[in-house]
Amino acid sequence: MIEILVPIFAWWLILQALGFAVLPLAFRIFRTLPDQGYSFAKILGLLLVSYVFWLLVSFQFLSNTAPAIAAVILVLALACYLYFPKPSLGEFWREKKHLVLTSEALFAAALLIWGIVRAYNPEITATEKPMEVAFLNATLRSEHFPPHDPWLSGYAISYYHFGYVMMALLTKLSGVTSGVGFNLGIALLFALTVLGAFGLGYNLTAGLRSNATRHRASLAYGLLAALLVAGIGNLEGILEVFYTRGLLPPEFVQFLDIKGLGSVPVTGQWMPTDNWWWWRASRVIHDSFQGQDMEVIDEFPFFSFLLGDMHPHLLALPFTLLALALAYKVLVSSELPSRLEMIVLWIVIGGLGFLNSWDLPTYGLIIIAAYGLREYRLIGQFDRQWLTDALRFGVKLFLGSIVLYLPFWITFSSQFGGLVPQLLIKTRLHQYLIMFGLSVFIATGALMAFMPDTFRRIRSSVAGDGGLGIGSGAILSFGMALGILFAILQWWLSAVLVFLIVLSLFALHQQSKSPRSEAIGSNGARGADLSFSLLLFIAAFLLTLSVEFFYIRDVFGTRMNTVFKFYYQAWVLFSIGSTYAMAYLWQKIANDSGWKKATGMVWRGGFFLLFAASLVYPSAAIPSKTNRFQASPTLDGTAFLQQFYPDEYSAIRWLDDQVPGNAVVLEAWGGSYTFYGRVSAYTGLPTLLGWGGHELQWRGNYNEPGRREPLIDQLYTSSDTQDLHRLLEEFDIQYVYVGFLERDKYGPAAASLERWGGLMEVAFQNSGVIILRRV
């Protein structure tokens, strides 16, 4: 166990240093929030150090080394402590010691727990993991950035890869291998996500209670936010339990139409027993068109952490929470964003584009909306000046976010093909509720209680007495008409979401008319908290409604990826919005009496049932995914190679240890989600072609990968030394790898030294692998 705890402690220590390095800046940026930014310092520190390091290495002012990383941390810390006022840590401790202790305990516990979970399920194989470790290893090997593409030699990575820069930075600084760093990275992302969600929950709810109980209640709601974002599953988990127990009638299972659920046997046990049952929770939305199934992905954070793929949507997750914290800060601040605050906004929003480009527009627009709400609460009306100010701020935000990351954008090519309208495929309402049932239940309850006179204003508007104003009345009429039209067309989910959006907009409109003293205050008054929660609900509803009518064109040709990315963002927004809604409703129910209190108690009972149902998935999935913690734990994700492919493991380790730099290694090409590309993946050394399907996704065309396929075949089968020499020169191939995949694909001639005519020599050989080196 010590070999697990030591690297976990090393990463914990590094993150403490990163957080402490930027603490004065965090206190300055988030000075108007109740926690003054303490909960976000580690996330901010990792982002800023990574950004400065990436920029300097990209312009070749520094090399990609551990001493250079340490120097960046030191210089950044000195700049923060010399330029910004030193935080009064003693005073902060006296006032916020419960916050400090809780947040630090939560971060440490999350890092430790998920580190142990990964140690019992560490294998870097299957799904997207080979791709991700390939990027991690390529980043570790690259002297300067952008990192080379390990699966298309001679090219740079054409993918949003900032997260791999971050994980490589921590791996290099801590001195662990990439196999260990990969799993520690998943554990760290879990811990930072939990910490960021906790900070948002704490700050949002700090104004709801009296001073005597504020800290305890806000800490509790911070923990609730962490659970809602990263600690619970969707409701598919409890359906799995009921199904395997035999409690679901076949007709009901058929109605649910969850992909794969009805195809496994009913065992009569309480826990599902098929190995990949937990996977079905990410395939709740089941599309079909003209009798054909269409793959749809609906991951949520806990599933992603359980799966353990280091994919961009997971790498970006803690930083989306940092972006929400900045949006909240913009909303509650009594001052316009300063130049320093704009720079931080640019780094964060631009960083999201580099981490996971899907997140840049969503979270950028949320910050712009928060700015617009702040301005409206100040001036009390939507006029041309308000629109001009909001547009100016938005242009400045997006332009700065792009400019600060230009070295990435000028080398990035994408499969983005524009927006595609679609009306023929609709999400079924019950599948949507299986995915988001808990959040929709909380949001609906909040909308019924946030603004008691919302419906009175609606009735006044319909009656024509100006209860909501002409513009608001027109929006109401249009929204209601649209919802009714969708209901007539039996687009039930679209109808429900339109009604919820309309109610949310009117609640937000009413709340925005609160007195200025409630709207904006030095500590973020209750009115702004409520507005922020409503803003997040509206954004989540809009995201999930949008995929009913369009998707972003990509190589898949369906809405699969758009649903995946938009639902993932909606989960986070729903979770944070629900945290404040829960705090508000809990307090309101406690203060109500009579039938209102009775109704509130029924609502509480519904919440407890749904929350308990949401905990079934993690409770059952963790033991299943870790094989009930029976194996010997290790954080080394490549250890399985030694057990199942010992010859390959020895050869790959030899290459990793003995071949410096970015020498090109030839290996057989093959399809995505196979064992092909394993040499380049586990060493970071570039090969001519790895997973071709992924190169198509990253580059938007298959011209170069398609050209290389027959040339690789020729290199493994030809005896024409002139052709072989020409190809070795063209692609600067230094090593040729022949393992069991190459022998299976090309026959025994692949391992022949004679056919090279003296161009190659044996560099390494064991019973299963031969590695040839160019003479």
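Me: Which residues of H8 meet Ile576, Thr579, Tyr580 and Ala583 in H25?
Reply: This is a predicted model, where local features need pLDDT of at least 70, side-chain atom pairs count only at pLDDT 80 or more, and totals for chains, interfaces and linings use all residues. Residues are numbered from 1 along each chain as its sequence is written, and side-chain values use heavy atoms, without hydrogens and water. Contact means heavy atoms within 4.5 Å, and helices are DSSP runs (H or I, at least four residues) numbered from the N terminus. On the H8 side the residues are Ala197, Leu200, Gly201, Leu204 and Thr205.

Me: How far apart are the axes of H8 and H25?
Reply: Axes are lines fitted to C-alpha atoms over the stretch in contact, with angles from 0 to 180 degrees between N-to-C directions. Helix H8 (residues 178-205) packs on H25 at about 35°. Their axes are 9 Å apart.

Me: Which residues does Ile576 touch?
Reply: Residues up to four places away in sequence are not counted. The list is Ala197, Leu200, Leu204, Ala225, Val229, Leu321, Leu324 and Leu536.

Me: How are H1 and H7 oriented to each other?
Reply: The axes of H1 (residues 2-21) and H7 (residues 162-174) come within 10 Å and cross at roughly 115°. Angles of 65 to 115 degrees count as roughly perpendicular. H1 and H7 are therefore roughly perpendicular.

Definitions and conventions:
Helices (H or I, at least four residues) and strands (E, at least two) are DSSP runs, numbered from the N terminus. Angles under 35 degrees count as roughly parallel, over 145 as roughly antiparallel, 65 to 115 as roughly perpendicular and the rest as oblique.
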